[in-house]
Amino acid sequence: MISSIPVVNILMFFFLHFVLGIGGSQTKNVPRAFFVFGDSLVDNGNNNFLITTARADSPPYGIDSLTHRPSGRFSNGRNIPDLIGEQIGLDPLLPYLDPELDGKKLLNGANFASAGIGILNDTGFQFVNIIRMPYQLAFFETYQKRVAALIGTEETKKLINEALVLITCGGNDFVNNYYLVRNSLRSFQYELPAYVRLLTAEYEKILMRLFKLGARKVLVTATGPLGCAPSVIALRSRNGECATELQRAADLFNPLVTTMIGLLNKKLGHDVFISIEAHHIFYDFISKPKAFGFKVTNQACCGQGPYNGLGLCTAFSNLCSDRDKYVYWDGYHPTERANRLVVQEIFNGTKYMKPMNLSTLMSMEA
Ligand SMILES: *[C@@H]1O[C@H](CO)[C@@H](O)[C@H](O)[C@H]1NC(C)=O
Ligand SMILES: *[C@@H]1O[C@H](CO)[C@@H](O)[C@H](O)[C@H]1NC(C)=O
Ligand SMILES: *[C@@H]1O[C@H](CO)[C@@H](O)[C@H](O)[C@H]1NC(C)=O
């Protein structure tokens with residue numbers, strides 16, 4: 001019996017090395033798996049499998065994707081996770097709830113994001129059946145057990161440690177909670193500065209949970225320039241300028257998240273978390289559109305009403321033809337072109353990636 005162990009090991013080595021491509025020699029620290037958590041900005045179709053109104057599974061969503069069909073992504077084409085994965089050379093991620101995600105496909109990673117969710121459990125309550133953060137993290141645990149059954153516990157741990165992780169949430173804690181209705185429960189409980197402190201503290205707990213689950217390279221975004229989203233402009237702006245109160249919320253919250261991440265890295269003794277300052281990146285598009293090739297910044301490409309910002313984007317909405325000239329696809333979500341520029345900044349930016357950009361992270365030794 002004992003003599004058969006090396007044979008098993010050798011077979012295991014061939015299996016991992018050649019069949020699954022694990023453990024190959026690499027000069028660069030390029031992740032082989034990618035995990036995504038968060039809200040509609042990064043959901044790639046989990047909500048298609050749920051009974052909820054927070055979904056993007058009908059035309060014209062996806063109009064500029066390879067299939068020209070909706071997939072559950074909240075954009076005209078690819079979203080930020082798609083474009084990051086593409087740059088790294090990974091296959092497109094499957095939503096965790098997709099039955100296709102099984103066997104060898106699990107080893108690419110998975111997308112756990114769900115439109116409508118926030119940092120707080122009560123955010124997006126009107127969408128009823130969505131995967132709130134504690135459940136996205138619980139699915140990540142289940143995922144790891146499934147992978148361990150395939151490649152063993154040690155290799156699974158390595159896969160997770162070396163993987164790239166992206167988490168995007170916080171916007172809904174404002175637009176679908178604090179500011180959803182006048183005198184919301186949360187706005188009654190908390191003044192804005194206290195609310196952003198609560199969100200930051202809860203976000204930190206989520207990040208620590210990811211760390212405990214093995215994540216070691218985590219890109220973190222908080223919100224965009226909330227007051228500048230066409231859906232917010234339609235309801236709260238007089239002349240199409242960014243709405244003051246939600247801009248104030250974004251300006252208070254985002255720097256706190258970057259600071260929290262810096263302190264967390266210090267505590268962990270390692271740059272585990274990287275802050276993507278998305279509100280600055282998008283605000284640059286809006287304040288200097290020409291520099292980025294945009295023409296329309298305060299109107300959605302797909303929608304209706306003032307600034308095309310009211311209601312949902314549906315087959316009955318107004319639809320712009322020059323989508324690359326728009327920052328916003330619908331009332332809240334960016335166009336593929338805007339996503340592309342954000343991903344350029346994530347990889348190669350020098351201003352809005354703290355403490356380093358993704359190219360730098362990937363060029364460091366494991
Ligand atoms: C959110 O819900 C989870 C699971 O039900 C719970 O463990 C967690 O403490 C809740 N978070 C907050 C901030 O209430
Ligand atoms: C980052 O810069 C490198 C080198 O200039 C380039 O090859 C790569 O395409 C850039 N990445 C993105 C996402 O723009
Ligand atoms: C980011 O990426 C660029 C190009 O890849 C590199 O030259 C630069 O030093 C990086 N900046 C930071 C802050 O990591």
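Colleague: How many residues of the shell around ligand 1 are nonpolar, polar and charged?

Modeller: This is a predicted model: local features need pLDDT of at least 70, side-chain atom pairs count only at pLDDT 80 or more, and totals for chains, interfaces and linings use all residues. Residues are numbered from 1 along each chain as its sequence is written, while chains are lettered from A and ligands numbered from 1 in the order in which they are written. Around ligand 1 we find Leu 120, Asn 121, Pro 134 and Glu 202, where a residue is near a molecule if its C-beta atom, placed from the backbone, lies within 6 Å of it. Ala, Val, Leu, Ile, Met, Phe, Trp, Tyr, Cys and Pro count as nonpolar, Asp, Glu, Lys and Arg as charged, and the others, Gly among them, as polar, which gives two nonpolar, one polar and one charged.

Colleague: Which helix gives the largest share of the shell around ligand 2?

Modeller: That shell holds Gln 87, Val 343, Gln 344, Phe 347, Asn 348 and Ser 359. Helices (H or I, at least four residues) and strands (E, at least two) are DSSP runs, numbered from the N terminus. Four residues of the shell, its largest share, come from helix 12.

Colleague: And how many polar residues are in the shell around ligand 3?

Modeller: Its neighbours are Asn 348, Thr 350, Met 356, Asn 357, Ser 359 and Thr 360. By class, the shell has one nonpolar residue, no charged ones, and a polar count of five.

Colleague: What is the order of the strands in the open sheet of six?

Modeller: Two strands pair if DSSP finds at least two bridges between them. Strand 1 and strand 3 run parallel, joined by five bridges, and strand 3 also pairs with strand 4 in the parallel sense over four bridges. The pairing in the sheet is mixed, and the order is 2-1-3-4-5-10.

Colleague: Why is one side of strand 2 and of strand 10 left without a neighbour in the sheet?

Modeller: Look at residues 109-111 for strand 2 and 353-354 for strand 10. Each stands at an edge, so each has just a single partner strand.

Colleague: Is strand 3 largely enclosed or open, and how many of its residues are buried?

Modeller: A residue is buried if 20 or more other C-beta atoms lie within 10 Å of its own, exposed if 12 or fewer, and partly exposed in between, with C-beta atoms placed from the backbone. Leu 164, Leu 166 and Thr 168 point one way, Val 165 and Ile 167 the other, and all are buried. Strand 3 is therefore largely enclosed by the rest of the structure, with a buried count of five of the five.

Colleague: Is Phe 188 buried or exposed?

Modeller: You will find Phe 188 in helix 6 (residues 185-189). It has 8 C-beta neighbours inside 10 Å, so it counts as exposed.
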